[in-house]
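Work through the exercises below with the structure in view. Each task is followed by its solution in steps.

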Amino acid sequence: MDYFKPNMTLADVNKISMLGLAHIGDGVYELMTRASLCEDGHTAVGELHHLATRRVNAPAQAAAAERILPLLTEEESTIYRRGRNTHVNSVPHAAHVGEYHAATGLEALFGWLYLQGKTERLNELFREICSGYEKKESR
């Protein structure tokens, strides 16, 4: 198996719990964010860390989810909702419960897409998310 390009069947991916998918999706989202920052020319580790932590947290991911919701297919929307509605045991202090649930939904969706090898779709959704950051950060 090429772990950078997994290609699990839909049946196998659907056997994974929503929190399991969110666990994978969290790593995928973090890696995409870090790669995007490096590609944008950020080179100082302090700046990379600062920008990454501004983008990879529950409130920022909840806003990212809101941005891509209109673009999701019916099947993707279902995965997002199931991830969002999954019971979690704790919520970070810097987030509201609703934000944390929305972030979990986004991460579950990213994990679900990644494990099926749908990197083109991940890139499409991530580009839309990043276009929102560019507008905010250029102000």
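**Exercise 1.** Describe how helix H4 and helix H6 pack, and list what makes the contact.

Step 1. Helix H4 (residues 58-68) packs with helix H6 (residues 97-115) at an angle of about 65°, and their axes are 7 Å apart. Axes are lines fitted to C-alpha atoms, for helices over the stretch in contact, and angles run from 0 to 180 degrees between N-to-C directions. Helices are DSSP runs (H or I, at least four residues), as strands are (E, at least two), numbered from the N terminus.

Step 2. From H4, the contact (heavy atoms within 4.5 Å) includes Ala58, Pro59 and Ile68. From H6, the residues include Tyr100, Leu106 and Phe110.

Step 3. By class, the residues of this contact are 12 nonpolar, one polar and two charged. Ala, Val, Leu, Ile, Met, Phe, Trp, Tyr, Cys and Pro count as nonpolar, Asp, Glu, Lys and Arg as charged, and the others, Gly among them, as polar.

The model is predicted: local features need pLDDT of at least 70, side-chain atom pairs count only at pLDDT 80 or more, and totals for chains, interfaces and linings use all residues. Residues are numbered from 1 along each chain as its sequence is written, and side-chain values use heavy atoms, without hydrogens and water.

**Exercise 2.** Determine the secondary structure and overall dimensions of the protein chain.

Step 1. The protein chain has seven helices and zero strands, in the pattern α-α-α-α-α-α-α along the sequence.

Step 2. Along the principal axes, its C-alpha atoms fill a box of roughly 40 × 35 × 25 Å.
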